[in-house]
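Please look over the sequence and the model below before reading on.

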Amino acid sequence: MSEPIRVIARIRPPHSFPSTATSLSPPSSPPLSFDAVLTGPTSEVQREVSGVVAQFLQGYNGCVLAYGQTGSGKTHTVVGDLSGGEGDGVLGRSVGEVFEGVARENQRCEEESARALAERAEQAGQAERGEEEDAPSVTTTGYSFRAECQFLEVYGEDVRCLLSGPAPTPCPLRDLFEAGAGGRQLPTGDVEVIGAARLPVPGAQRARELVREGMRKRATGATAMNDASSRSHAIFTLFLEQTYRAETESGERGEETQTSSVTVRRSHLNFVDLAGSERQKRTQATGRRMREGISINKGLLVLGNVIAALADRATADDRSHVPFRESKLTRILRTSLSGNSKTLFIAAVSGAPEDADETLCCLRYATRVKSIEVRAVANETTRDSAAAMVHRLTAELGAVAADLLRAAEGGGGGYYEWGRFQ
């Protein structure tokens with residue numbers, strides 16, 4: 001089922017908009033509508049992000065993307081000071097929620113398994129005393145997880161890993177394919193970042209340490225508008241694999257049958273801190289900083305063209321070409337913007353009067369994003385053990401034999417409905 005990308009506007013003080021507003025109408029402009037308009041601390045933004053985190057734990061891919069002009073508070077919103085306290089950004093807060101979530105899930109599985117074993121033991125005792133015919137089947141579930149992270153930056157048109165060495169390491173992109181009809185290889189739309197490090201993350205503190213390490217290597221520089229302006233787009237990805245091992249025991253004492261199945265959820269969650277759009281007249285950038293600004297604006301222009309094309313598809317059923325391949329940033333973000341992902345777009349804007357033009361431009365941009373639809377599905381697979389498969393097939397064959405026997409006893413021409421086993 002498709003759903004629109006969720007869009008919020010976060011206004012950096014000084015501001016003049018009430019925090020309860022969800023629609024803004026600047027003079028001589030069509031209404032600008034969002035899912036929320038926030039003016040408070042990062043904890044307020046986190047309440048919106050927590051919905052994406054909860055779905056990530058259920059096996060859905062997710063993306064939190066911050067866009068806005070330079071100096072509008074994007075990095076402050078996404079990364080913050082990585083302290084684990086009030087100054088933490090949504091990235092650190094979300095990673096904390098993820099590890100709290102897997103701890104709760106592990107506890108839930110342990111408690112349910114203990115309760116099921118206790119009930120079976122009690123009812124087995126009743127069966128021995130003749131109070132029950134036999135003990136019921138019991139299912140216990142073991143839970144384990146594995147988390148890894150990757151931290152990239154897109155500097156100009158170079159994709160670089162921020163965790164693979166003392167300096168950012170260039171990494172090429174490779175398109176991924178899947179088998180189609182007739183053995184043809186069809187593009188999935190996803191890309192692999194060749195050579196990028198994926199490091200294990202045992203807990204939230206380790207994740208913050210890795211983000212801090214990557215941020216030290218990220219390209220930044222001073223301009224007239226921002227003393228520590230981001231000169232690259234940063235993409236931090238958390239990968240999570242959750243494994244559920246279900247063991248089912250059934251039958252009378254001494255004749256128990258054991259079967260098992262394994263369910264695996266694999267999902268990833270992107271945190272994207274885009275470099276801010278710039279006007280050279282205001283940043284007063286020269287030389288290398290000016291060239292970086294031009295490159296940043298070029299990448300954001302391609303992103304804008306992609307968003308415009310996707311919005312046209314959603315609102316006018318326009319099947320025209322979407323230029324994902326015109327930049328490496330949009331190739332990486334393709335799934336987050338148009339595919340299997342629960343995506344939250346944060347429009348970071350300034351409430352200062354001198355930033356009014358850039359603010360209005362960003363809000364119009366975000367309104368277009370709100371019309372884009374994505375189709376997220378839970379990435380979950382279940383595999384029966386050999387014993388479970390034999391048990392299931394034996395039960396199905398028994399049902400077939402019983403149906404055929406009834407048909408034979410009632411006189412030939414029996415009817416058997418195969419569809420109920422499909």
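This is a predicted model: local features need pLDDT of at least 70, side-chain atom pairs count only at pLDDT 80 or more; totals for chains, interfaces and linings use all residues.

The largest nonpolar core holds 90 residues. Phe34, Leu65, Tyr67, Phe236, Leu274 and Phe345 have the most contacts inside this core. Helix α6, residues 287–316, contributes the most to the core, giving 8 residues. In soluble globular proteins, nonpolar side chains tend to be buried together.

Apart from its neighbours within four places in sequence, Phe345 touches Ile5, Arg6, Val7 and Ile8, along with Leu65, Tyr67, Tyr365, Ala366 and Val369. The whole structure has 6 aromatic pairs. The pair formed by Tyr67 and Tyr365 counts as stacked because the ring centres are 4.2 Å apart and the planes lie at 5 degrees. Tyr67 belongs to strand β6 (residues 62–67) and Tyr365 to helix α9, so this pair ties together parts that are 298 residues apart in sequence. Tyr67 is buried at a relative accessible area of 7%, and Tyr365 is buried at 13%.

Helix α9 itself runs over residues 356–369 and has 14 residues. From first C-alpha to last, α9 reaches 20 Å, close to the 20 Å expected at 1.5 Å a residue. The buried residues of α9 are Glu358, Thr359, Leu360, Cys362, Leu363, Tyr365, Ala366 and Val369. An α-helix has 3.6 residues a turn, so residues three or four places apart point the same way.

The charged side chains come next. The structure has 25 salt bridges. One of them joins Glu48 to Arg6, with the closest N and O atoms 2.9 Å apart. Glu48 is buried, at 19% relative accessible area, whereas Arg6 is partly exposed at 35%. Both residues belong to a network of salt bridges that links Arg6, Asp35, Glu48 and Lys370.

Which residue does Asp88 meet in a salt bridge? The partner is Arg208, at 2.9 Å from N to O. Asp88 lies in the loop between α2 (74–78) and α3 (90–128), while Arg208 lies in helix α4 (residues 204–217), so the pair ties together parts that are 120 residues apart in sequence. Asp88 is buried, with a relative accessibility of 1%, and Arg208 is buried with 12%.

A further salt bridge, at 3.0 Å from N to O, is made by Glu148 and Arg198. Glu148 is part of strand β7 (residues 138–155) and Arg198 sits in the loop between β11 (185–193) and β12 (199–200), so parts that are 50 residues apart in sequence are tied together. Glu148 is buried at 18% relative accessibility, but Arg198 is partly exposed at 42%.

Thr263 is found in strand β16, residues 257–273. Its relative accessible area is 15%, so Thr263 falls in the buried class. The side chains of Thr263 and Thr382 make a polar contact at 3.0 Å. Leaving aside neighbours within four places in sequence, Thr263 is in contact with Gln242, Thr243 and Tyr244, and also with Glu380, Thr381 and Thr382.

Methods:
Residues are numbered from 1 along each chain as its sequence is written. Side-chain values use heavy atoms; hydrogens and water are left out. A nonpolar core is a set of buried Ala, Val, Leu, Ile, Met, Phe, Trp, Tyr and Cys residues joined through side-chain atoms within 4.5 Å. Buried means under 20% relative accessible area, exposed over 50%, partly exposed in between (1.4 Å probe, protein chains only). Helices (H or I, at least four residues) and strands (E, at least two) are DSSP runs, numbered from the N terminus. Contact means heavy atoms within 4.5 Å. A polar contact is a pair of N or O atoms within 3.5 Å; within protein, one must be able to donate a hydrogen and the other to accept it, and residues adjacent in sequence count only if both atoms are side-chain atoms. The expected span of a helix is 1.5 Å times one less than its number of residues. A salt bridge is a side-chain nitrogen of Lys or Arg within 4 Å of a carboxyl oxygen of Asp or Glu. Rings of Phe, Tyr and Trp (its six-membered ring) pair if their centres lie within 6.5 Å; planes under 30 degrees apart count as stacked, over 60 as edge-to-face and the rest as tilted.
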